[in-house]
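Hi everyone, thanks for coming.

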Amino acid sequence: MRAIGILGDKARLILPTDGEFDLTRYEHVSDAILAIITRHPMREEEIVRTLDRWSSDRVQCALQKLVARGDAQPIERFDTRFWSCADAQYVEPRTSVAEIARFAHGCSDSIEE
């Protein structure tokens, strides 16, 4: 919204969408997350809700470990945390890997659990 005010017609606005994903073919939570965020960023609460066959804690640990291994990044926009693939580029700085690593403390060593 702010971008439209600044850039006018040159701004490309992508609004969050709701939908359903068929992720039943994924055995590991990390693979399911990457299947989503490689195509488009997704709000954190949507990821947790979409991956409800795994516990919220397990999804959170997988997200943190994906950051640690360089596959994912959290993006803060409009007071909302989104997740995206690590190679996507955004104007505002992303949360540092060091900051994410402190949240991963206590998660199991294997991302595939």
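I'll go from the overall layout to the sheet, then a helix, the core and the salt bridges.

First, some housekeeping. This is a predicted model, where local features need pLDDT of at least 70 and side-chain atom pairs count only at pLDDT 80 or more, while totals for chains, interfaces and linings use all residues. Residues are numbered from 1 along each chain as its sequence is written, and side-chain values use heavy atoms, with hydrogens and water left out.

Okay, the layout. The protein chain has five helices and three strands, and along the sequence they come as α-α-β-α-α-β-β-α. Helices here are DSSP runs of H or I with at least four residues, strands are runs of E with at least two, and both are numbered from the N terminus. Of the chain's 113 residues, 35% count as buried; that's under 20% relative accessible area, with exposed being over 50% and partly exposed in between, using a 1.4 Å probe and protein chains only.

Now the sheet. To call two strands paired, DSSP has to find at least two bridges between them. β2 and β3, which is residues 80-85, are joined by six bridges, and isoleucine 75 sits opposite phenylalanine 82 in β3.

Among the buried residues of α4 are Val59, Leu63 and Leu66. After α4 comes glycine 70, with a positive phi near 85°.

Nonpolar side chains tend to be buried together in soluble globular proteins. The largest nonpolar core here has 19 residues, and Val29, Ile33, Ile37, Ile47, Leu51, Val59 and Trp83 touch the most other members. α2 (29-37) and α4 each supply at least two residues, and α2 gives the most, with six. By nonpolar core I mean a set of buried Ala, Val, Leu, Ile, Met, Phe, Trp, Tyr and Cys residues joined through side-chain atoms within 4.5 Å. Leaving out residues up to four places away in sequence, leucine 51 touches Leu23, Val29, Ala32, Ile33 and Val59.

Last stop, the charges. How many salt bridges does a search of the whole structure find? Five, where a salt bridge is a side-chain nitrogen of Lys or Arg within 4 Å of a carboxyl oxygen of Asp or Glu. Arg43, Glu45 and Glu46 are linked in a network. Arginine 43 reaches glutamate 45 with the closest N and O atoms 3.4 Å apart, and glutamate 46 with the closest ones at 2.7 Å. Arginine 43 is buried at 17% relative accessibility and glutamate 46 is buried at 6%, whereas glutamate 45 is partly exposed at 43%.

Then there's arginine 81 with glutamate 44, at 3.9 Å, N to O. This pair links distant parts of the chain, strand β3 and helix α3 (residues 44-50), 37 residues apart. Glutamate 44 counts as buried, at 17%.

Key
Contact means heavy atoms within 4.5 Å.
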